[in-house]
Amino acid sequence: MKITLEHLTKRFPNRNKKIKEDVIAASDLTFEIPDGKLIGLLGPSGCGKSTTLNLISGLETPTEGRIYFGDNDVTDVPPENRGVGLVFQNYALYPHLTVEDNIAFPLGNLRGKDKLTKEQMHERALEAAKLVQIDTLMERKPNELSGGQQQRVAIARALVKMPSVLLLDEPLSNLDARLRLQTREELSRIQHETGITTIFVTHDQEEAMSISDMIVVMKEGVIHQIGKPQEVYDHPDNLFVAKFLGTPPINVFEGSVKDGKVYIGDEAILDAPEGASAPADNASAASGRKVYVGIRPEGFIPDKNGPLSVTLNKIEVMGRDTSIVAEHPAFIGTTIRSIIPSEDLTDVSGPTVRFRVKPGKVHLFDRETEKTI
Amino acid sequence: MKQKNYKGWLYLLPAIIFLGVFMVYPLIDVIIYSFEEGYSFVTQKSTGTGLYNFQYVLHDTYFVQALRNTFIIVIITVPVSTGLALLISLALSSIKPLRNAFQTIYFLPYVTNTLAVGLVFMVLFKKTEYTDGMVNLLIHLFGGSSVDFIDGPYWAKMFVMCLYTVWIVLPFKILILTSALASVKEDYYKAARVDGTRPSRIFYKITLPMISPMIFYLVITGFIGAFKAYSDEVALFGTDLNSAGMNTMVGYVYDMLYGNSGGYPSFASAAALILFAVVFTITCINLMVSKNKIHY
């Protein structure tokens, strides 16, 4: 089902009663989630992504704005009538019920003409369990399951009532690293098999990028960018999005644009794109337009005659890649980290290393607005 | 190895001596007393050993009455107080404003002296030359006739007794249950809400199983506490409980030792052992019944 949010805003009264201003958890969210896609809501903790999920599920009511499922306005519809399946971060499995009873629990709520017999419930529960591959564990109690299995039970419980929307709140954060990789592929498979529009919340950009059809990057209740993962990575709208996506993070330098060239310090590293220079009548035109220069770790190419010189700190060998850790006076943060495929590595030795940069991996941001130029 | 063993016992010695002198020895002594016939404190001698003490106690009308009273109090007050406490706790946890105020009010009886509470009940129920008591005033208001709750018919006295007992054990149970309810994670309720679960199903399928260990704890301690009832009876009906017909098993034991008819340690011991056997049996039954119903 297509989901549309229109100017969705949620304000909470401040917990500290002395502060009159409300806390804005979600501010004027407007976007559309196409039918049958897997969407990642991404942002640092406290950015309002869980609130957004709760608004869609109906557990929270918006202060302003509307929510549409398909063409129906569901803003005032209580959660049980929205047809959403919700998976909690800690799974919220009922500890005193077996796996089967847990999965069948939502079915027991059906009344009237939808009421199911015991056999039908068992069948539906088994069907959902098979989908997430836990049909052999039906008699166990949740505390006899591993974290990954509990996660599957929670997903089966959300799927058993055949929701039109599946919502997952930090679905992978309670799993260990290996299981996380496995489960996220599993999530993607389940979503493709069922075709249910799925929204999941995460603070882990790698997780979001790897399985989402579309990611929504949020910060402090505001949407910063929406798009396909690769597009958002390649064309960040602003400095925050650029910094938030990618590990290791993007390297940001203080720089300037002058005479059609991008400068870091006194070194012109690149031709500036069209329109990057400050308008001619601007007072700062003579000294150049002040910008942030962001360079992705994979955007550095070691080159003895390269324009950018940095002070070598150390070289970390990681097998497939080698990372060169370095310093530069204009760099914001502590150390520059570049990733170079090990086979491309010519001999690099200190104290100064020179780089060329790949134009597509360099992003320029206005110093004041932090928007992409 | 050996030396280590001695050391361990040495550390345990203070506790062992204390428990031995004040717990184990008296326990054994009570069992011995109960089989010694005609033992007297004065002569420190008995006329022989046998089961006569138990026979006597079991045929004593006062004991039979005490047994009956105790059972009635247990059977009425334990379920009523636990159920009532659960209802009040549920109500308390579903309101936000004034919750603390109500909690304090409900907790007040717990910190109030038994005898002071007894006095309050006197004002409510006791008939004097000047007034029939506040409850009787209410009965009058609805056109009923006076009932003497303290010196009157058996059912009236038992009613006051049970009311008193329930009221006095309620605060502790409410305290335990409200904290048990608060410890049920909010996510379970949220999950149930998204699934459209009816409130009654949420209560029976989620809330009740989650707090069942605490309810079980309250039932067990409630049973034991009610079987040991004595001071509450004294607070309401005075020390001569036998003539008031409101004696309890512990009261009977006490009377046999120190009361007007006192000086019969053998009978007292026999009665105490019978009480122990009853409490033990009931607790065992409780444990067996609840085995499949409690979810830890």
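In strand 20 of chain A of this predicted model, A:Val362 is the bridge partner of A:Ile295. Strand 20 pairs with strand 14 (residues 289-295) of chain A in the antiparallel sense, over five bridges.

- Strand 20 of chain A is largely enclosed by the rest of the structure, because four of its five residues are buried.
- Strand 11 of chain A pairs with strand 12 (residues 261-264) of chain A over three bridges, in the antiparallel sense.
- A:Tyr263, in strand 12 of chain A, is the bridge partner of A:Ser256.
- In general, the strands of a sheet pair through backbone hydrogen bonds, either parallel or antiparallel.

**Backbone features of chain A**

- Most residues other than glycine have a negative phi, and most peptide bonds are trans.
- The peptide bond between A:Thr247 and A:Pro248 is cis, with omega of about -10°.
- A:Pro248 sits in the loop that runs between helix 8 (239-244) and strand 11 (251-258) of chain A.
- A:Asp28 is not a glycine, yet its phi is positive, at about 50°.
- The residue A:Asp28 is part of strand 2 (residues 23-33) of chain A.
- A:Asp28 has 15 other C-beta atoms within 10 Å and is therefore partly exposed.
- A:Glu220 is likewise not a glycine and has a positive phi of about 50°.
- A:Glu220 is located in the loop between strand 9 (214-219) and strand 10 (222-227) of chain A.
- A:Glu220 counts as partly exposed because it has 15 C-beta neighbours inside 10 Å.

- A:Arg124 belongs to helix 3 (residues 118-131) of chain A.
- With 19 other C-beta atoms within 10 Å, A:Arg124 is partly exposed; a residue counts as buried at 20 or more.
- Leaving out residues up to four places away in sequence, A:Arg124 touches A:Leu107 and A:Val160.
- A:Asp135 is eleven residues from A:Arg124 along the chain, and the C-alpha atoms of the two are separated by 11 Å.

**The two domains of chain B**

- Chain B is assigned a domain 1 (1-50) and a domain 2 (61-290).
- The centres of domain 1 and domain 2 of chain B, taken over C-alpha atoms, are separated by 34 Å.
- Eight residues from domain 1 of chain B and seven residues from domain 2 of chain B take part in the contact.
- On the side of domain 1 of chain B that touches domain 2 of chain B, the elements giving two or more residues are helix 1 (2-35) and strand 1 (36-37) of chain B.
- Helix 1 of chain B gives the most to this side of domain 1, with four residues.
- By class, the side of domain 1 of chain B that touches domain 2 of chain B is made up of five nonpolar, one polar and two charged residues.

Conventions:
Residues are numbered from 1 along each chain as its sequence is written. Chains are lettered from A and ligands numbered from 1 in the order in which they are written. This is a predicted model: local features need pLDDT of at least 70, side-chain atom pairs count only at pLDDT 80 or more; totals for chains, interfaces and linings use all residues. A residue is buried if 20 or more other C-beta atoms lie within 10 Å of its own, exposed if 12 or fewer, and partly exposed in between; C-beta atoms are placed from the backbone. Domain bounds come from an automatic or database domain assignment. Two residues are in contact if their C-beta atoms, placed from the backbone, lie within 7 Å. Ala, Val, Leu, Ile, Met, Phe, Trp, Tyr, Cys and Pro count as nonpolar, Asp, Glu, Lys and Arg as charged, and the others, Gly among them, as polar. Two strands pair if DSSP finds at least two bridges between them.
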